[in-house]
Every structure is written in C-alpha cells, then in structure tokens.
Amino acid sequence: MEMNILIFGPNGSGKGTFGSIISEKFGIPQVETGAIFRENITKGTELGKQAKSFIDKGELVPDDITIPMILTRLQEDDCKKGWLLDGFPRNITQAEVFWAALQKEKITLEYVIELEINREVAKKRIMGRRLCPNDNNHPNNINVKENLPIEKDGKLLCRVCGREGLLTRADDQDEAAIDKRHGIYFDTNTGTLAAVRYFKERVKVIQVDTLPGVKEVSSHLFRLLT
Ligand SMILES: [Zn+2]
C-alpha cells in the first residue's frame with residue numbers, strides 16, 4: 001500500500017522533526033513545498049521560471065503554478081511507495097483546489113496528520129530555540145524542559161556537545177512575524193485549520209498532541225499510521 005500523507009502543524013509544533021522521523025520510518029520522502037520551488041527555479045523549468053517572476057516581485061506564487069509543481073514532484077520515482085507533503089495547502093481555497101487536482105490525477109491520500117499545540121506554547125517554543133555553533137541539529141531550547149541547555153557559571157552550554165556561545169536566530173525572535181504566521185495557521189474560517197477541517201470530511205485525519213516528548217509522540221504516530 002502507498003503511504004501518501006499530508007502533515008499539518010503550526011510553527012513551533014515540531015513539524016520538521018516529526019516529518020523526518022516519519023519519512024525515515026516508512027521510507028518515504030519528506031516533500032517540502034519551499035524545496036520544490038527552489039528545485040524548479042534552479043533547474044529552470046517552465047513552471048520554475050513563472051514562479052521566479054512572482055518571487056522576484058515579492059508576490060506569492062499563484063496556486064495554478066504551485067499545484068502542478070507539487071503534483072509533478074509527487075509522481076517522481078522516489079514517491080512510488082508514498083510521500084509526506086509538508087507546507088501545503090495553507091488555506092481552505094488551496095485545500096479545495098489541491099483535493100480536486102489529486103482526484104483528477106488519481107493520486108490517493110491515505111492520511112492527514114494534524115500536530116496539535118497551544119498557540120502560546122508554540123510561540124514560546126520558537127522564541128526559546130538556541131542554536132549550537134557546532135551543529136544546528138543539537139537541540140537546545142530554554143523553554144522546552146527536555147531540551148534545556150546546560151547552565152554553568154551563568155552561561156548556557158549546548159546540551160549535546162557542551163559548546164559555549166549558543167545563538168538565537170533573528171526570525172525566531174520576530175514576534176510580529178510569528179504572530180502573522182500563526183494567525184494564518186489558526187484561522188478556522190479560511191486559514192490552515194479550515195483546510196484541516198476540509199480534509200476531515202474526506203480522509204482519515206490523525207490528531208496528535210505534541211506536548212509529550214518527541215519519543216512518546218513518535219511512537220503514538222507510528223501506532224496510528226499502521
Ligand atoms: Zn552542540
């Protein structure tokens with residue numbers, strides 16, 4: 001059976017982390033829409049050229065360019081066993097058009113995963129992220145109990161390698177930008193949560209609370225996905 005999955009979750013829900021865990025477990029690629037844009041632009045495909053003209057003007061790429069790009073990606077060889085799509089659709093209109101396009105291409109959708117987290121908690125998690133200069137994959141977060149950095153002589157050290165001088169990313173401290181993105185996600189009328197509700201009427205939606213640790217949430221997800 002194919003494992004074609006859409007994954008939803010607000011910034012700060014650990015969507016990237018859980019996405020790569022699922023991708024590895026089931027041997028399916030984690031397809032991220034930003035990466036699809038970059039690949040099409042780099043390769044100079046017709047759709048890539050069209051997308052670039054909008055990006056260069058600082059405008060959003062229209063759905064009639066984005067959706068064909070995604071469909072092409074989902075039909076590549078590495079997606080034969082399935083795929084995990086991340087970052088699309090973001091609103092109810094995109095959900096409707098995307099669903100119709102999947103039907104037309106006879107592409108099935110087995111599961112939709114919804115990672116649940118309280119909006120304020122998600123914001124705290126984003127703002128608490130600290131980067132290790134040695135390795136971006138060393139998890140450090142001053143607002144997440146299981147990822148607290150080591151405190152020594154009033155300094156914070158990487159919990160994995162002990163490196164001093166943990167960094168913050170400017171994006172992670174930009175409250176206005178975080179609020180704007182969360183505003184779109186948590187909008188149940190036309191935003192991303194409206195898209196999730198649209199799928200609930202059509203596909204099996206797996207809702208998972210992301211507050212327990214990564215291990216608990218992952219094993220819960222694996223049980224529900226098989
Ligand atoms: Zn480190």
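These legends walk through a predicted model of one protein chain, view by view.

View 1. Of the 226 residues, 44% are buried. The accessible surface of the protein chain is about 12400 Å², and carbon and sulfur atoms account for 50% of that area. Now think about contacts between residues at least 6 apart in sequence: 67% of them join residues at least 24 apart.

**View 2. Five strands make an open, parallel sheet.** Follow the strands across in the order β2-β3-β1-β4-β9. At the edges stand β2 (30-32) and β9 (204-209); each has a single partner strand, so one side of each is left without a neighbour in the sheet. From one strand to the next, the twist averages 25°.

**View 3. Here strand β4 meets β9.** Strand β4 covers residues 111-116 and pairs with β9 in the parallel sense, over six bridges. To get your bearings, look for Y111, which stands opposite K204 in β9.

View 4. Is Q94 buried or exposed? Its relative accessible area is 12%, and buried means under 20%, so Q94 counts as buried. Leaving aside neighbours within four places in sequence, you can find Q94 in contact with D63, I67, F88 and P89.

How values were computed
Residues are numbered from 1 along each chain as its sequence is written. This is a predicted model: local features need pLDDT of at least 70, side-chain atom pairs count only at pLDDT 80 or more; totals for chains, interfaces and linings use all residues. Side-chain values use heavy atoms; hydrogens and water are left out. Two strands pair if DSSP finds at least two bridges between them. Helices (H or I, at least four residues) and strands (E, at least two) are DSSP runs, numbered from the N terminus. Axes are lines fitted to C-alpha atoms, for helices over the stretch in contact, and angles run from 0 to 180 degrees between N-to-C directions. Buried means under 20% relative accessible area, exposed over 50%, partly exposed in between (1.4 Å probe, protein chains only). Contact means heavy atoms within 4.5 Å. Accessible areas come from the Shrake-Rupley method with a 1.4 Å probe; for residues, only the protein chains shown count as cover.
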